[in-house]
Amino acid sequence: MNDRRGLAVVRPPAGSLATVHGLSALLADYHLQTETEKGRPVADAAALPAAYRAEVEDPDGAFAGAAVLVARDGDTAAGCVVVTAPVDGRAEIKRLWTAPGFRGRGVASALLDAALAHAARSGVRTVRLSVWRWRTGAVSLYQRLGFSVTASWDEREELVCMERTVDPNPCTEQGRS
């Protein structure tokens, strides 16, 4: 889907997510870091709350109907993002994560470009996401890519809800920095 300096963003076929090398580790790292940031650190993926543990252990079941995109640098999983199935012309971006060793290399931007292009091809008119307020780098990235803060649809404190209109021509989403 996207290629930046050896980085490829791919969408593994449905039903194959459990076999995607590195995906479960990315999801586990995402949730472990998030729990730590919320002040509820856990020792490992087995100790995560059930819903999050299910994503790590059975991503096909947890993300049924969604598009899971994986950024790869050669054989190494560098990041991931999930785009929910469209409902009423809207989709949600979830679980954007870049492995720490790949940060600052455009992985998150490449994943978001690919996610927005996928959404456009799926007929989505609006993409939304929520991000923890303390993830200021992510909030800034989303704003640079055209997301605006909107009224919250989630009752959890400390979440910033954002959305943007999707360009119906997915080619224009490619190549952003």
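The side chains of Lys-94 and Glu-92 meet in a salt bridge, with N and O 3.6 Å apart. A salt bridge here is a side-chain nitrogen of Lys or Arg within 4 Å of a carboxyl oxygen of Asp or Glu. This is a predicted model, in which local features need pLDDT of at least 70 and side-chain atom pairs count only at pLDDT 80 or more, while totals for chains, interfaces and linings use all residues. Residues are numbered from 1 along each chain as its sequence is written, and side-chain values use heavy atoms, with hydrogens and water left out.

## Salt bridges

The structure holds 7 salt bridges.

| Salt bridge | N to O distance |
|---|---|
| Glu-35 and Lys-38 | 2.9 Å |
| Arg-156 and Asp-154 | 2.8 Å |

Exposure is given as relative accessible area: buried means under 20%, exposed over 50%, and partly exposed in between (1.4 Å probe, protein chains only). Lys-94 has a relative accessibility of 28% and counts as partly exposed, whereas Glu-92, at 11%, counts as buried. Arg-156 is partly exposed, with a relative accessible area of 39%. Salt bridges that share partners join Glu-35, Lys-38 and Arg-40 into one network.

## Two helices in contact

Glu-35 also takes part in a contact between helices. Helices (H or I, at least four residues) and strands (E, at least two) are DSSP runs, numbered from the N terminus. Helix H1 covers residues 23-37 and helix H2 covers residues 50-57. How are the two helices placed in terms of angle and axes? They pack at an angle of about 160°, with their axes 8 Å apart. That makes H1 roughly antiparallel to H2. Axes are lines fitted to C-alpha atoms, for helices over the stretch in contact, and angles run from 0 to 180 degrees between N-to-C directions. Angles under 35 degrees count as roughly parallel, over 145 as roughly antiparallel, 65 to 115 as roughly perpendicular and the rest as oblique.

On the H1 side, the residues in contact (heavy atoms within 4.5 Å) are Ser-24, Leu-27, Ala-28, His-31 and Glu-35. They meet Tyr-52, Glu-55 and Val-56 in H2. By class, this contact has 4 nonpolar, 2 polar and 2 charged residues. In this scheme Ala, Val, Leu, Ile, Met, Phe, Trp, Tyr, Cys and Pro count as nonpolar, Asp, Glu, Lys and Arg as charged, and the others, Gly among them, as polar.

## Cysteines

How many disulfides are there? The count comes to 0, where a disulfide is a pair of cysteine sulfur atoms within 2.5 Å. For Cys-80, the nearest cysteine sulfur is that of Cys-161, 20 Å away. Cys-161 is likewise in no disulfide, and its nearest cysteine sulfur is that of Cys-80. Cys-80 is buried, at a relative accessible area of 1%, and Cys-161 is buried at 2%.

## Buried residues and their surroundings

Val-107 is found in helix H4 (residues 107-121) and is buried, with a relative accessible area of 3%. Leaving aside neighbours within four places in sequence, Val-107 is in contact with Leu-7, Ala-71, Ala-78, Gly-79, Thr-98 and Phe-102. Val-107 and Trp-97 are 10 residues apart in sequence, and their C-alpha atoms are 8.9 Å apart.

Leu-69 is placed in strand E3 (residues 67-73) and is buried, at 0% relative accessible area. Leu-69 and Leu-96 are 27 residues apart in sequence and 9.5 Å apart in space, C-alpha to C-alpha.

Val-166 sits in the segment after strand E8 (159-165). At 5% relative accessibility, Val-166 counts as buried. With neighbours within four places in sequence left aside, its contacts include Leu-116, Ala-119, Ala-120 and Val-124. Val-166 and Leu-26 are 140 residues apart along the chain, and their C-alpha atoms are separated by 26 Å.

## Positive phi values

Asp-88 is not a glycine, yet has a positive phi of about 50°. Asp-88 lies in the loop between strand E4 (76-83) and strand E5 (90-98). Is Asp-88 buried or exposed? At 74% relative accessibility, Asp-88 counts as exposed.

Arg-95, also a residue other than glycine, has a positive phi near 60°. Arg-95 is in strand E5 and, at 14% relative accessibility, counts as buried.
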